[in-house]
Amino acid sequence: MSLDTDNRKMVTYFVGTEVENTVMKGEKTLFVVGVQSVDDIIALAKEHDVRHLYFGTSQSFHPANPFEWAQWNDMITPLLAKDYWVTLDFGVEYAKDLHEEGWCEYNTFIPMISVKLPYIKQYNYHATLKIDDNTWGDTNPGVWCHPLNELLKREVYTDWKDYVGDTVLENE
């Protein structure tokens, strides 16, 4: 099965190489869609000799209440405690609440903060991305402003065509 956008949403697990520019780029990775059993994840990771787990795959991280946050925590924390490398791909709207879980205290946790910015190439040369705070002086010491054109460098870019070669596991 080719893992295009629609097919990625229909699978639970797949194994492939991490192509995004994180400390785990190039590593064999178990990609997990949604909340799954820790025992199943460990079994698949061992079977496929994987030490990097990627959660929130296919934009599947969207806890809406404390119960759903607890489900994610009950899956992620035990795997971090077992020294797996764990990436969580989450929308920027979850940034504030994410810190409540304590995952960032683990050195093997990679928060992949996803900022949806459609039509990025249509902004002009002067566009600036501002990393801000909730309100003036609330939780950050200041703001960071990055010229958008400096963030769009080739060495940190992953083309959609690079997301290939994954092996679906749920039908095995």
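Reader: Is W69 buried or exposed?
Author: This is a predicted model. The relative accessible area of W69 is 11%. The cut-off for buried is under 20%, so W69 counts as buried.

Reader: Is Y94 buried or exposed?
Author: Y94 has a relative accessibility of 13%. That value is under the 20% cut-off. Y94 is therefore buried.

Reader: How many aromatic pairs does the structure hold, and is the pair of F14 and F31 stacked or edge-to-face?
Author: The structure holds 10 aromatic pairs. For F14 and F31, the ring centres lie 5.1 Å apart, with 20 degrees between the planes. Planes under 30 degrees apart count as stacked, so the pair of F14 and F31 is stacked.

Reader: How many residues apart are F14 and F31?
Author: F14 sits in strand β1 and F31 in strand β2. The pair links distant parts of the chain. The separation is 17 residues.

Reader: What kind of pair do the rings of W69 and Y94 form?
Author: Their centres are 6.0 Å apart. Their planes stand at 65 degrees, and angles over 60 count as edge-to-face. The pair of W69 and Y94 is therefore edge-to-face.

Reader: Which parts does the pair of W69 and Y94 tie together?
Author: The two residues are 25 apart in sequence. W69 lies in helix α3, residues 66–81. Y94 lies in the loop between β4 and α4. The pair therefore ties helix α3 to the β4–α4 loop.

Reader: Which residue has its side chain joined to that of N73 by a polar contact of 2.9 Å?
Author: N73 is found in helix α3. Leaving aside neighbours within four places in sequence, its contacts are P78, E101 and W103. The polar contact of 2.9 Å joins the side chain of N73 to that of W103.

Reader: Which residues do ring pairs link into a cluster?
Author: W103 is one of them, and so are W69 and Y94.

Reader: Why is strand β1 largely enclosed by the rest of the structure?
Author: Strand β1 covers residues 13–17. It is largely enclosed because, of its 5 residues, the number buried is 4.

Reader: Which residue in β8 stands opposite V15?
Author: β1 and strand β8 pair in the antiparallel sense over 2 bridges. β8 spans residues 167–168. Opposite V15 stands T167.

Conventions
Residues numbered from 1 in each chain as written. Predicted model: local features only at pLDDT ≥ 70, side-chain atom pairs only at ≥ 80, totals over all residues. Heavy atoms only, no water. Buried < 20%, exposed > 50% of the residue type's maximum accessible area, 1.4 Å probe, protein only. Pairing = 2+ DSSP bridges. Phe/Tyr/Trp six-rings, centres within 6.5 Å; stacked < 30°, edge-to-face > 60°. Polar contact = N/O pair within 3.5 Å; in protein donor to acceptor, adjacent residues only side chain to side chain. Contact = heavy atoms within 4.5 Å.
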